[in-house]
Amino acid sequence: MAAQQFISPNEIRARFSQAMSAMYQKEVPLYGALVELVAKTNRQVLSENAALAHQLQITGEINRLTMERHGAIRVGTAEELHTLRRLFSVMGMSPVGYYDLAVAGVPVHSTAFRAIHETALQTSPFRVFTSLLRLELIENGPLREMAQHLLAQRRIFTERALELITLHEAQGGLDEQQAQEFITQALETFRWHKKATVSSTEYQQLHDQHRLIADVVAFKGPHINHLTPRTLDIDQVQLAMPKQGITPKAVIEGPPPRHCPILLRQTSFKALEEDVAFIEPDGHEMAGQHTARFGEIEQRGIALTVKGRALYDRLLQAAQDALQAPATEKNAAQYNQLLAEHFQAFPDDYATLREQQLAWFRYFPTECGLAAKETLDKHGSLEQLIALDYVRFQPLVYEDFLPVSAAGIFQSNLGDSRQAQYGTASSRAAFEQALGAGIIDEMGLYQQTQQRSLQACVQALGLHAL
Ligand code: OOG
Ligand code: NI
């Protein structure tokens with residue numbers, strides 16, 4: 001088959017993300033309300049903040065804003081994770097970053113499947129935070145065996161989805177009809193199933209061990225547990241949520257509000273109590289409830305270098321230490337105050353962030369630089385070109401997640417009451433083995449994008465090098 005007949009993986013991802021959003025809006029109408037609120041707020045911010053609108057125009061992010069979202073799923077076995085990697089690969093999504101949540105009392109480790117090149121991200125930035133349950137952390141032997149047994153019996157992919165994944169691998173792509181069918185079939189894996197695969201007694205046992213274990217083990221598949229639109233002003237949406245009947249968690253995860261947003265700020269509304277049906281040993285259904293699915297919003301800022309990230313981690317830790325307790329409704333104001341105080345030490349203008357190499361940037365030739373192409377010094381340094389306004393820089397947006405924030409999101413939705421303690425040995429190698437591939441280091445990706453933007457300046461301005 002000729003290569004040009006294949007649909008681009010980016011296009012498949014964009015369509016899949018759209019289909020997933022439509023499905024989740026039907027499943028969880030409150031998510032639809034949140035999407036509307038975010039879209040309205042974004043329009044308002046763009047109309048009031050010309051500088052931000054201009055920045056998003058130059059980086060192209062303006063075009064992806066309304067389609068921007070991430071989702072999260074949790075799987076139970078190495079095989080499930082392995083096949084998911086192959087499934088996401090059809091859509092041009094690779095595993096980026098390793099997140100160990102066990103250190104925060106959640107018995108999972110995770111990665112994010114996402115596109116890795118800036119042009120691919122531009123077509124669709126859809127990401128899926130994917131967690132693998134670490135059954136080995138469950139000390140209760142019989143319960144662990146029960147969970148293993150239940151997981152071994154289920155099939156989370158449709159036969160046709162598996163065939164299309166294999167076809168994609170064999171021929172190197174999917175044509176229009178196959179791609180469409182793939183989207184429909186792949187979506188089935190993430191659908192919510194009201195009917196549990198366990199009895200009410202089994203559910204209770206799993207639940208008593210950890211709510212997360214019940215969520216992963218007691219159902220037919222890894223239902224999407226939230227989808228998260230990107231807002232340009234998370235504080236404003238957080239304030240507006242209660243008026244729409246949506247109650248957000250007490251504090252926004254991540255850095256405090258800033259002129260130049262860094263990394264990622266997130267907040268969620270509590271998981272909903274939903275009706276489910278357990279299958280009793282005699283075969284009849286028993287009505288019950290399960291709480292797992294929720295809504296979340298996020299605001300993305302500039303990606304930090306290793307140095308910037310170390311500073312972020314240090315300041316966040318210091319603010320949390322100073323609070324001397326987990327952040328809750330009661331001490332939220334105090335926590336926000338402490339966070340703001342500690343983050344005074346983090347430069348809050350792009351020029352300084354760049355000078356101190358705390359963050360990643362993209363460089364663009366200016367009109368004025370292009371006009372001067374024939375006469376400018378081909379050996380000029382980047383700093384000279386910037387000073388002459390021949391080249392300008394824009395923040396490179398953070399495309400990943402934050403482990404401390406993710407733990408906060410998990411906890412707020414699993415109930416804050418009990419916090420398990422697990423050994424701290426993280427297990428990246430085991431995760432990669434299950435995945436059947438190495439995890440990509442996000443810092444390398446940011447560095448490459450920055451480098452490609454410099455290279456594009458060299459090309460456009462006919463420079464010797466940069
Ligand atoms: C994932 C929680 C983490 C985020 O945005 O950091 C997350 C989950 O609850 O499965 O989604
Ligand atoms: Ni999330």
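**Domain arrangement and ligand surroundings**

The protein is divided into three parts, with domain 1 comprising residues 3–303 and 398–435, domain 2 comprising residues 304–349, and domain 3 comprising residues 361–395 and 442–466. The model described here is predicted. Between the C-alpha centres of domain 1 and domain 2 there is a separation of 26 Å, and the contact of these two domains draws on 12 residues from domain 1 and 14 residues from domain 2. On the side of domain 1 that touches domain 2, the residues are divided by class into 10 nonpolar, 1 polar and 1 charged.

The surroundings of ligand 1 are formed by A72, R74, F129, S131, N225, Q266, E296, F401, S405, A406, I409 and F410. At least two residues of this shell are supplied by each of strand β2 (69–75), strand β5 (127–133) and helix α18 (403–414), and it is α18 that contributes the largest share, amounting to 4 residues. In terms of residue class, the shell around ligand 1 consists of 6 nonpolar, 4 polar and 2 charged residues.

A further position considered is Q44, which is located in helix α2, a helix spanning residues 29–48. Because 13 other C-beta atoms lie within 10 Å, Q44 is classed as partly exposed, given that a residue counts as exposed with 12 or fewer such atoms and as buried with 20 or more. Although 189 residues separate Q44 from D233 in sequence, the C-alpha atoms of Q44 and D233 are 9.7 Å apart in space.

Note on methods
Residues numbered from 1 in each chain as written. Chains lettered and ligands numbered in written order. Predicted model: local features only at pLDDT ≥ 70, side-chain atom pairs only at ≥ 80, totals over all residues. Domains from an automatic or database assignment. Contact = placed C-beta atoms within 7 Å. Nonpolar A, V, L, I, M, F, W, Y, C, P; charged D, E, K, R; others polar. Near = placed C-beta within 6 Å.
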